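Visitor: Hi, I'd like to go through a protein model with you. Can you put it up?

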Amino acid sequence: MALISDTQPWKDLKAHVDDINKTHLRDLLSDDKRCQSMLVDFEDILLDYSRQQAAPETIHKLFQLAEAASLKEKINRMYSGEHINSTENRSVLHVALRASRDAVIQSDGKNVVPEVWNVLDKIQEFSERVRNGSWVGARGKALKDVVAIGIGGSFLGPLFVHTALQTDPEAIESARGRQLRFLANVDPIDVARNITGLNPETTLVVVVSKTFTTAETMLNARTLREWISSALGPSAVAKHMVAVSTNLTLVEKFGIDPNNAFAFWDWVGGRYSVCSAVGVLPLSLQYGFSVIEKFLRGASSIDQHFYSQPFEKNIPVLLGLLSIWNVSFLGYPARAILPYSQALEKFAPHIQQVSMESNGKGVSIDGVPLPFEAGEIDFGEPGTNGQHSFYQLIHQGRVIPCDFIGVVKSQQPVFLKGEVVSNHDELMSNYFAQPDALAYGKTADQLQKENVSPHLIPHKTFSGNRPSLSLLLPSLNAYNIGKLLAIYEHRIAVEGFIWGINSFDQWGVELGKSLATQVRKQLNASRTKGEQVQGFNFSTTTMLTRYLQASSDVPADLPTALPKI
């Protein structure tokens with residue numbers, strides 16, 4: 001297939017860049033009609049992209065690019081279960097994970113929705129038994145503490161949702177007396193931090209690994225199995241550990257009852273799996289299934305919006321096209337995700353994985369090297385923390401398009417007597433001010449009129465013309481958290497569809513894993529047999545030798561006692 005960069009709409013947009021570069025955002029924002037056309041409202045979520053370096057003509061040309069890329073056809077193919085993940089020959093159906101019970105979504109000629117709901121029903125039944133105390137541990141105590149073991153998509157997505165719900169009033173009430181922790185890093189420090197203060201008698205461990213072979217996850221799982229067994233005996237594992245996996249043979253071999261394994265499917269990519277048992281099981285154990293079902297319904301609402309709305313009113317499509325414009329045409333490779341809500345502190349790290357693992361590709365879906373850069377460098381921090389960290393660069397250094405995410409109603413409102421505004425209003429004052437500061441900047445003339453010392457004028461001048469967009473959510477409850485997640489998931493898919501890449505594989509993570517296997521064998525041979533480091537380049541040999549020498553006091557047979565803080 002032809003590369004998208006060979007099409008006429010791509011070339012038209014390339015030529016259009018010169019026109020945009022001649023126009024400052026100060027001028028674009030003075031056109032009220034243009035600004036009005038760049039507002040989209042869906043279920044009280046308001047998108048304002050008027051501070052993008054784009055004219056109405058730009059948006060029209062981007063829609064032409066979407067047509068040239070067959071965007072609507074590709075969306076339809078995803079929803080119909082075609083194997084759009086061609087390198088792995090799989091459907092891409094995370095939308096099925098939150099579909100209504102009566103929906104029909106096909107994969108390989110089979111409606112997958114009943115299977116999804118079989119697992120959801122099983123999660124509801126199990127989580128309610130644990131929460132109401134009818135499922136107890138080996139010594140008859142209720143299991144009030146949950147440790148979810150997983151990495152990558154099995155960790156970042158569920159952690160984002162958990163962090164966002166922790167301060168929601170409904171979720172607080174549902175989680176009273178319970179705690180949920182996530183163990184991801186194979187670093188033993190992460191183990192120590194996660195088990196500190198926990199009692200094995202009241203702890204349930206959820207091991208998340210589709211194949212039950214993920215190296216980091218399974219080492220952590222064996223470590224916590226040892227923690228439980230040493231305290232309660234080996235037979236306690238079946239009462240204190242459950243699995244999210246499809247490999248029932250290895251689950252049983254590990255010591256977990258296969259009846260306590262919760263399935264998911266190969267048409268669910270890890271970074272898109274938070275709405276599967278990967279996220280729904282630990283989150284339901286913490287907050288109750290009824291709360292998490294609202295999260296799923298919110299995501300489903302955006303799934304329907306994305307599938308059915310015309311591009312002019314389609315939030316994920318507009319966001320995706322604007323990212324294409326910023327990255328591939330204006331030459332801005334990064335994006336800052338700036339939620340003005342501390343509850344969303346883990347949102348940017350999750351989207352960082354979804355985006356960069358999905359679209360960090362160098363070849364087209366047909367294997368042709370791309371003559372343009374694809375993918376965005378995503379990072380972010382909640383406001384106003386980020387303002388005191390990296391906003392300096394955003395205002396006066398590199399141009400980095402920004403996503404400002406605000407919430408109308410705080411989860412935890414505070415209003416102090418005698419203060420000019422509430423705490424939330426103070427936060428939101430910054431949410432509204434920062435996009436304008438980036439767009440308008442401050443000129444030398446303005447500074448002169450303020451009698452700023454001439455030698456300081458260059459340092460206090462802000463060029464402005466720095467693009468951003470704003471999303472305003474009505475509140476941050478489970479339903480709206482689901483909507484926010486789905487908006488970004490689909491936005492990233494749109495980018496991949498336009499660039500003509502496969503956003504649903506991740507071969508880039510494999511090479512390092514295979515090289516780590518060689519290192520692991522060398523470490524074992526050096527520790528147990530005293531073998532010299534060999535088979536590596538000079539640099540790696542030197543570093544490995546130093547590591548082994550410096551840690552030679554570590555015994556070959558490591559103690560089974562777990563670290564304690």
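Visitor: How much space lies in the second largest pocket?
Guide: About 880 Å³. Before we go on, this is a predicted model: local features need pLDDT of at least 70, side-chain atom pairs count only at pLDDT 80 or more, and totals for chains, interfaces and linings use all residues. Residues are numbered from 1 along each chain as its sequence is written, and side-chain values use heavy atoms, with hydrogens and water left out.

Visitor: Which residues are closest to the centre of that second largest pocket?
Guide: T214, G270, Q506, E510 and K513, out of 36 lining residues. Helix α10 gives the largest share of the lining, three residues. α10, α16 and α22 (510-529) each supply at least two.

Visitor: What counts as a pocket, or a cavity?
Guide: Take a 1 Å grid over the protein atoms alone. A cavity is a set of points where a 1.4 Å probe fits but cannot get out. A pocket is an open set with protein on both sides within 12 Å along at least five of seven lines. Lining residues have an atom within 4 Å of a point. Points are joined across faces, edges and corners, and the volume is the space filled by probe spheres set on them.

Visitor: How many cavities of 30 Å³ or more does the count come to?
Guide: Three. The largest cavity holds about 60 Å³ of space. Its lining includes Q52, R335, C402 and R491. Helix α15 (315-329) gives the largest share, three residues.

Visitor: Is C402 buried or exposed?
Guide: Buried, with a relative accessible area of 0%. Buried means under 20% relative accessible area, exposed over 50%, and partly exposed in between (1.4 Å probe, protein chains only). C275 is buried too, at 1%.

Visitor: New topic: helices. Why is α7 largely enclosed by the rest of the structure?
Guide: 10 of the 10 residues of α7 (residues 156-165) are buried, so this helix is largely enclosed by the rest of the structure. Among them are F160 and H162. A helix is a DSSP run of H or I with at least four residues, a strand is a run of E with at least two, and both are numbered from the N terminus.

Visitor: What covers the buried residues of α7?
Guide: The cover includes α8 (169-174), β6 (179-183), α14 (289-308) and α21 (478-499). Contact means heavy atoms within 4.5 Å.

Visitor: β6 is a strand. What is the order of the strands in the open sheet of five?
Guide: β6-β5-β7-β8-β9, with parallel pairing. β6 and β9 (261-262) stand at the edges with a single partner strand each, so one side of each has no neighbour in the sheet. Two strands pair if DSSP finds at least two bridges between them.

Visitor: How many bridges pair β5 and β7?
Guide: Five, between residues 145-149 of β5 and residues 203-208 of β7. In one of these bridges, V147 partners V205. Helix α10 (residues 215-232) packs on this sheet and touches β5, β6, β7 and β8 (241-244). The direction of α10 makes about 160° with that of β7.

Visitor: And which strands does helix α9 lie across?
Guide: β5 and β6. Helix α9 (residues 188-195) runs at about 175° to β6. Axes are lines fitted to C-alpha atoms, for helices over the stretch in contact, and angles run from 0 to 180 degrees between N-to-C directions.

Visitor: Do β1 and β2 run parallel or antiparallel?
Guide: Antiparallel, joined by four bridges. F42 partners I45. The hairpin has two residues between the strands, and E43 takes a positive phi near 45° there. β2 also joins β13, antiparallel, over three bridges.

Visitor: Last one: which residues does a cis peptide bond join?
Guide: G383 and T384, with omega about 5°. T384 lies in the loop between β11 (377-380) and α17 (391-396).
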